[in-house]
Amino acid sequence: MSERISRASIRRAQPADAAAIARTEVDSWQSAYLGLVPAAVLNALSVPARQASWHRILTRSATTGTRTWLLCAGDAVLGFASAGPTRDPDDAPLDVGELYTIYLLPAAWGRGLGAALLDTAQADLARRRYRTMTLWVLEGNTRARRFYELAGLSRDGARRPTCVGTVSLPEIRYRRAL
């Protein structure tokens, strides 16, 4: 896998990529959220359901402002990131962009590939003239929080509950100027 990872590239996702994104998302969730999210919720994740959701997201991207980037090694999708205008009512959608998702297959963790995806999403938001980027992360996800903090994002004090399956978990918001 490491030889393939060393030749990774990033490209914009298309609706035809929905299945690969869904598989990556489910695999990542089942590893990254183990111990944070109940096992029953993780085990119930459905690639077909996520594929349908991602197909809708990618098909509507031109009207919603959402852009999704794939990290690929050849034809294999190793990760993805998705960003667009903020969904938060306390921020201005013309000024604040939001990183909605960033996930890598567990085998790709710790190799700098997440940073490359994050840089791509941030650069795209900056090109679209957003002045700030935000993201939400589960409060208990120390691995992701460390990743974001090393990338220059800081907690801004906002908190909210998020429903994950049948449980409510706290999320915290991170922010940085672009």
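Are Trp29 and Tyr103 buried or exposed? Select the two side chains and take a look: Trp29 is buried, and Tyr103 is buried as well. Keep in mind as you click around that this is a predicted model.

Stay with that pair. The rings of Trp29 and Tyr103 sit 6.5 Å apart, centre to centre, and their planes make an angle of 45°, a tilted arrangement.

Because Phe80 is in strand β3 (residues 76-85) and Tyr103 in strand β4, the pair ties together parts that are 23 residues apart in sequence. Colour by accessibility if you like: Phe80 has a relative accessible area of 0%, and Tyr103 has 12%.

Next, bring in Tyr33 and Trp54. Together with Trp29, Phe80 and Tyr103, they form one aromatic cluster. Across the whole structure, the search turns up seven aromatic pairs.

Time for some charges over rings. Show Arg12 and Trp69: the charged end of Arg12 sits over the Trp69 ring, 5.4 Å from its centre. Then jump to Arg160, whose charged end sits over the ring of Trp136, 4.0 Å from the centre.

Helix α4 (47-59) and strand β2 (67-73) each supply at least two lining residues, and the lining divides into three nonpolar, three polar and two charged residues.

Definitions and conventions:
Residues are numbered from 1 along each chain as its sequence is written. This is a predicted model: local features need pLDDT of at least 70, side-chain atom pairs count only at pLDDT 80 or more; totals for chains, interfaces and linings use all residues. Side-chain values use heavy atoms; hydrogens and water are left out. Helices (H or I, at least four residues) and strands (E, at least two) are DSSP runs, numbered from the N terminus. Ala, Val, Leu, Ile, Met, Phe, Trp, Tyr, Cys and Pro count as nonpolar, Asp, Glu, Lys and Arg as charged, and the others, Gly among them, as polar. Rings of Phe, Tyr and Trp (its six-membered ring) pair if their centres lie within 6.5 Å; planes under 30 degrees apart count as stacked, over 60 as edge-to-face and the rest as tilted. Buried means under 20% relative accessible area, exposed over 50%, partly exposed in between (1.4 Å probe, protein chains only). A charge sits over a ring if NZ of Lys or CZ of Arg is within 6 Å of the ring centre and within 35 degrees of the ring normal.
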